[in-house]
Structures are given as structure tokens and as C-alpha cells.
Amino acid sequence: MEDASLRTDILVIGGGIAGASAALAAAESGRDVVVLAKDTAGSANTYWAQGGIATLGPDDDPALFREDIIKAGDGLNDPEAAAVLVEEGPRYVAEILVARLGVPFSRGAGGDLAYAREAGHSRRRILHVKDTTGMSIAEAFVAALKARPNIRLLENRTAVDLLTVPHHSRDPIAYYREPRCLGAYVLDNGTGKVASVFARQTVLATGGCGAVFLNSSNARDSIGAGYAMAHRAGARIVNMEYIQFHPTVLFHREAEGFLI
């Protein structure tokens, strides 16, 4: 960023599947969008995901899908969030990933999508691209983002803090008002300069915090910065005892571990 400040309709912090899908939807609705990626776009945890993405399989049932989700979450899931995932997720997988982005999911001999079964799923409902599902989805999203003229993709940027009122207000009376996010302070990792990005709406899609542990299968920059910014801005942070990890990783003292 050459200017000390930047203005946009939608600021998306995070370049993984969550941030990319939000940015694409916003751009297609006519909004001006800025996407921040700490490294190169698509190099988030999404890129390293191997197994696949859950949807409804040929012999599947939405009620059973929801039951599997609740069971895997030990009954602590938000019921509304589980319902949204089951009711809307499969449609978006078909419309966005398969039809619009053309993610090359593995197919059977007859050309039909090949559904796998894994984790806590009781039916074959996992779409995958061999062992590079995340990489394939990430690359498809990045290509779609770069093709949109109303999306500005800022790579090698780190969000320092959310710009909020009253958190950053100099008016003491502001602390009696409802918190409101106006954007974020953004560090250019290359130049070391910090700029302000002002936005009508800000989307936090910064991923997890697995890298706070000494050994992790998460990307090294998944340090929970998004949680910290949200907490400082007054958001409720819940279920922090749940940490995403992969159970089978090759460990080496002098090299990064990788999934098996």
C-alpha cells in the first residue's frame, strides 16, 4: 500500500477457503473488496488440507449428516450452525467448488464424483482431489479472486489490530456506545510500514491457533491473531479448548513435519 490509508466496502482478513469464499461472494454482489493474506494468497491451512470436504453423498440423509456432526462435537456444537452447514453446505459445494470454480474432485470410472468416508462420518460424503484437496481448492479460489476487478488482493500483509470504536476512540463518551468495527491496521511485511484500511464491514477469516504449540500440523502462521483481535474488540470467544490437529504426522527434530 502506497497510501497511509485505504478504503473499501468489505475487508476480508485471511486468504484461506473461508476468506476467499466470503470475498468472492461480496465481489459478485457488486461490492469493492480488499483481501489480506499474511503470506501469498491461498497458503493458509486450507492449502495443506489433504482429506477432503464434506457434502451429501448419493445414499445420504441431511438428518444423519447433522447427527454425525453433533456426535463428533460431543453434543457441544451450536445447533443452528450445524443446521446451516447441513442445509446450505452441500448446495454451495456443488455450485461454487464443482460448477463455478471447477475444482477437479476425484471421479469414478463412469465419471461420477467419488465420495469417500472418513472421520466421524457414517456415510460416504467426502469429496477429495487425491491427497491434495486443500491445495486444489485454494488455487481455484485464488485464480477466481485475481480475475475479479473489484477485488484487491494484498499479499504479505499482517493485520495488527481491528480499528474499532470505542477501542481506538479518543472520546471518553464513546465507551458507552455499542462497539463498531471500521477496518484494521495493516502491516506491510516487506516494508515494515503500517497503514489503515477503512471498511464498511470486516470479515475475520484468520484460521486457527494450532501453531502456538511446539509441534503442530497447522501452518506456522496460525497463531490465533484473529482471536486476539476479536477479543480486544469485544467479541465473545468460545470453545477455545478445541484445537485442530492431524493425528498422523511424521516428526523430525530438524525439519517441518508433514501429514501421513
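This dialogue explains how to read several features of a predicted model.

Biologist: Where is Asp32, and is it buried or partly exposed?

Modeller: Helices (DSSP runs of H or I, at least four residues) and strands (runs of E, at least two) are numbered from the N terminus. Asp32 lies in the loop between α1 (17-28) and β2 (33-36). Buried means under 20% relative accessible area, exposed means over 50%, and partly exposed is in between (1.4 Å probe, protein chains only). Asp32 counts as partly exposed because its relative accessibility is 24%.

Biologist: Which residues does Asp32 contact, leaving aside its neighbours within four places in sequence?

Modeller: Contact means heavy atoms within 4.5 Å. With those neighbours left aside, Asp32 is in contact with Arg7, Thr8, Asp9, Ile10, Asn150 and Arg152. Asp32 and Pro149 are 117 residues apart along the chain, and their C-alpha atoms are separated by 8.9 Å.

Biologist: What is the phi of Asn156, and what is that of Asn239?

Modeller: For Asn156, phi is near 55°, a positive value in a residue other than glycine. This residue, Asn156, is placed in the loop between β6 (151-154) and β7, and it is partly exposed because its relative accessibility is 34%. For Asn239, phi is also near 55°. Asn239 sits in the loop between α6 and β10 (249-252) and is partly exposed, with a relative accessible area of 40%.

Biologist: Which peptide bond is cis?

Modeller: The bond from Val165 to Pro166 is cis, with omega near 15°. Pro166 is found in the loop between β7 (157-165) and β8 (180-188).

Biologist: What volume does the second largest pocket have, and which residues lie nearest its centre?

Modeller: Rolling a probe the size of a water molecule over the atoms shows where empty space is left. A pocket is an open set of points on a 1 Å grid over the protein atoms alone, where a 1.4 Å probe fits, with protein on both sides within 12 Å along at least five of seven lines; lining residues have an atom within 4 Å of a point. A volume is the space filled by probe spheres set on the points, which are joined across faces, edges and corners. The second largest pocket has a volume of about 310 Å³. Of its 20 lining residues, Asn215, Ser216, Ser217, Arg220 and Phe251 lie nearest its centre.

Terms used
Residues are numbered from 1 along each chain as its sequence is written. This is a predicted model: local features need pLDDT of at least 70, side-chain atom pairs count only at pLDDT 80 or more; totals for chains, interfaces and linings use all residues. Side-chain values use heavy atoms; hydrogens and water are left out.
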